[in-house]
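Colleague: I am new to reading protein models. Could you take me through one, feature by feature?

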Amino acid sequence: MKDYGNAGALCGALGCMVLLIVSMHFAKADDKPKTENVSAEVVFDDKENSKTTAASSAVSTEENTNSVFTSTSVLSGENEIISTSISDVLDNTSQQPATAAITPEFIGPLTVDMRTILENSIVYSPEVLHMAYPENLSIVGDSIASGFGVYGILDNPYDFSTGNLGARSITDYGFNYGGNTSKYIDVLTEAQPAYIYLSMGMNDVNIITSDEYAEFYREIITNVREACPNSVIIAAGITPISAASTFTANSTILIFNEKLKAVVDEFASPTICYYDAGSFISDPATGALREDCDGGDGIHLSQPAYSNLLENLYLMLDEIPVPQSIKDYIEENGLAMQTTTSEAFSGTGEETITETVSVEIQ
């Protein structure tokens, strides 16, 4: 009887121990932190691919160790997906933030503003831009403006210039585009060139006042801006005449140009600019048309003059926001030999991500 009593006592003790272990297990499970539908958007600095990746994920409360944290690149147009298992991050003994385990180089939340900055921060080199300008620049104006096409300095379908045109009479003329002849505003509306170079006034200086000239030009710029809201508008000053010419006075041309510049300033837009064309082809001492820029009659320009005007125009365009159509043209034609993105992502500006992309010219 004594032996059976000892055996019963031993079995009772073992049963208590089993119950205690089970109780501790469930107690531990109850104490385990719970997560439900936690969403996080993060940024990664991928050293290998030099790409910034933004991730958005939801962590499920189910006890499924095969749950997946998904990350989608905001820079790549390829929508590449990066996945990892939550079971690699969380275990039964500790709860570390998922982002800390997935990306030890966590930068911080990618706000809407920062995403916009990043997407618009591509900077093209002047060499790339200067390859894109010639095919996307429209010349609108008089016989002096037409010299760009006459000399072959520019050769594209956006040449809307002719003979005796003036700011006061631009609506009297028709221009050909796509096989159809229409008014200047109609062909521009259809063409939607990235850059619109307005050059007229030599046929106005002896007929209307500078104030009237300014009013006509104000209407032209307003019409062009409404018809081509995504284009950059360049209003070029009237070019000087030679010292020997008696057509008009260079002092009169200067007054007209001052009024035109004031009109451009009224619009206060970074995409509506005044181009002081005369400053690049005039004699600094006299303000008259330089001899090497004289086309022969003291009024019209030589081929070197147009090359000079275009070269300096490009330098000005380099400082103006790049239209989306130019970005598209560069991409479509493989002109981007090198683009650089460099923007700070932290509030302190201490952390910067730089992306360099090399593309072979096709």
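Modeller: Start with a pair of helices. The axes of helix α5 (residues 143-150) and helix α9 (residues 303-317) come within 10 Å and cross at roughly 90°. Helices here are DSSP runs of H or I with at least four residues, strands are runs of E with at least two, and both are numbered from the N terminus. Axes are lines fitted to C-alpha atoms, for helices over the stretch in contact, and angles run from 0 to 180 degrees between N-to-C directions.

Colleague: Which word describes how α5 lies to α9?

Modeller: Angles under 35 degrees count as roughly parallel, over 145 as roughly antiparallel, 65 to 115 as roughly perpendicular, and the rest as oblique. So α5 is roughly perpendicular to α9.

Colleague: Which residues of α5 and α9 meet?

Modeller: Contact means heavy atoms within 4.5 Å. From α5 come Ser-143, Ile-144, Gly-147 and Phe-148; from α9 come Tyr-306, Leu-309 and Leu-310. By class, that contact has five nonpolar, two polar and no charged residues. Ala, Val, Leu, Ile, Met, Phe, Trp, Tyr, Cys and Pro count as nonpolar, Asp, Glu, Lys and Arg as charged, and the others, Gly among them, as polar.

Colleague: What should I know about the model itself?

Modeller: This is a predicted model: local features need pLDDT of at least 70, side-chain atom pairs count only at pLDDT 80 or more, and totals for chains, interfaces and linings use all residues. Residues are numbered from 1 along each chain as its sequence is written, and side-chain values use heavy atoms, with hydrogens and water left out.

Colleague: How many helices and strands does the chain have?

Modeller: There are ten helices and 14 strands. Of the 362 residues, 39% count as buried. Buried means under 20% relative accessible area, exposed over 50%, partly exposed in between (1.4 Å probe, protein chains only).

Colleague: At what angle do α6 and α7 cross?

Modeller: The axes of α6 (residues 184-191) and α7 (residues 210-227) cross at roughly 30° and come within 9 Å. That makes α6 roughly parallel to α7. Their crossing is right-handed. A crossing is right-handed if the near helix is turned clockwise from the far one by less than a right angle, and left-handed if anticlockwise. Tyr-184, Ile-185, Leu-188 and Thr-189 of α6 touch Ile-220, Asn-223, Val-224 and Ala-227 of α7. Six of the residues in this contact are nonpolar, two are polar and none is charged.

Colleague: What about α7 and α8?

Modeller: Their axes come within 9 Å and cross at roughly 35°. The contact includes Tyr-213 and Tyr-217 of α7, and Phe-256 and Leu-260 of α8. Its classes are ten nonpolar, two polar and five charged residues.

Colleague: How do I read a phi value?

Modeller: Most residues other than glycine have a negative phi. Gln-192 has a positive one, near 50°. Gln-192 sits in the loop between α6 and β10 (195-199). Ala-268 also has a positive phi, about 45°. Ala-268 lies in the loop between α8 (250-267) and β12 (272-275).

Colleague: Is Ala-268 buried or exposed?

Modeller: Ala-268 is exposed, because its relative accessible area is 66%. Gln-192, at 32%, counts as partly exposed.
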